[in-house]
Amino acid sequence: MKRIYAPWRTQYTQKKDVYRNNDVQDECIFCSQFATNMDEKFFIIKRYSHCALMLNTFPYNAGHLLVIPFEHTATLYALNQKTREECMEVISHATQVIGSVLNPEGFNIGINMGKAAGASIPTHVHIHVLPRWSGDTNFLPTLADTKQISVDLLQVFEQFKKVFNQ
C-alpha cells in the first residue's frame, strides 16, 4: 500500500467524535478559535463585522476557504439578515481573490447543514468556498480514502491574507 504524507490531517482524523456529532458537542471549535484572537494560528484570514474568513485546515483542494458567522447557530435561517448578507458578500469577494491568486477553473460553494448532510461541525453553520480545476479529482479518494493537497497551507494563507487585507 502506498501512502501520501499529509500530517495536517492527523489532528482531524484522530479527534474524538466531539465535533462530528450533534449530541456530544460541549464546545464549538469555531467559537473557541474566534475567542482566542490568535488568527494566525487558526488561519483566520480576515474578520468582518458578522463573520470571519478562514483557510480550511482540512481542505478538499488548495485554497479551500470557510466563511463562518460569529453567531453560533446550526442553520442559515437562524442567522440575522445582516449576517447572511455579509456572508454572501464575503463569498463573492473570496471567489475573486482565489481566482486572482490560484487561477482555478471553477468553484464549489456549499453549506452542509446537519450531520446527515455531511457537516463535520453541525452546530455552527459555515460556508465552503472551494476552488476547482479540471482533473483535480483522481483515484486516491475512491481507492485509498486519501486526498492529495500539493500546496503549503501557510504559504496559501499568507498570499490570501495579503490580498484580503489590501
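Guide: Five strands form an open sheet in the order E1-E2-E3-E5-E4, with antiparallel pairing. Two strands pair if DSSP finds at least two bridges between them; strands (E, at least two residues) and helices (H or I, at least four) are DSSP runs, numbered from the N terminus. The model is predicted: local features need pLDDT of at least 70 and side-chain atom pairs pLDDT 80 or more, while totals for chains, interfaces and linings use all residues. Residues are numbered from 1 along each chain as its sequence is written, and side-chain values use heavy atoms, without hydrogens and water.

E1 and E4 (106-110) are the edge strands, each pairing on one side only. On average, neighbouring strands of the sheet are turned by 20 degrees against each other, direction ignored. Such angles come from axes fitted to C-alpha atoms, for helices over the stretch in contact, and run from 0 to 180 degrees between N-to-C directions.

E2 (residues 51-55) and E3 (residues 65-69) pair in the antiparallel sense over five bridges. Among the residues involved, Cys-51 has Pro-69 in E3 as its bridge partner. Helix H5 packs on the sheet and touches E1, E2 and E3 (contact means heavy atoms within 4.5 Å); the direction of H5 makes about 20 degrees with that of E1.

Lys-161 forms a salt bridge (a side-chain nitrogen of Lys or Arg within 4 Å of a carboxyl oxygen of Asp or Glu) with Glu-40, the closest N and O atoms being 3.4 Å apart. Lys-161 is in H5 (residues 153-164) and Glu-40 in the loop between H2 (29-36) and E1 (44-47), 121 residues apart.
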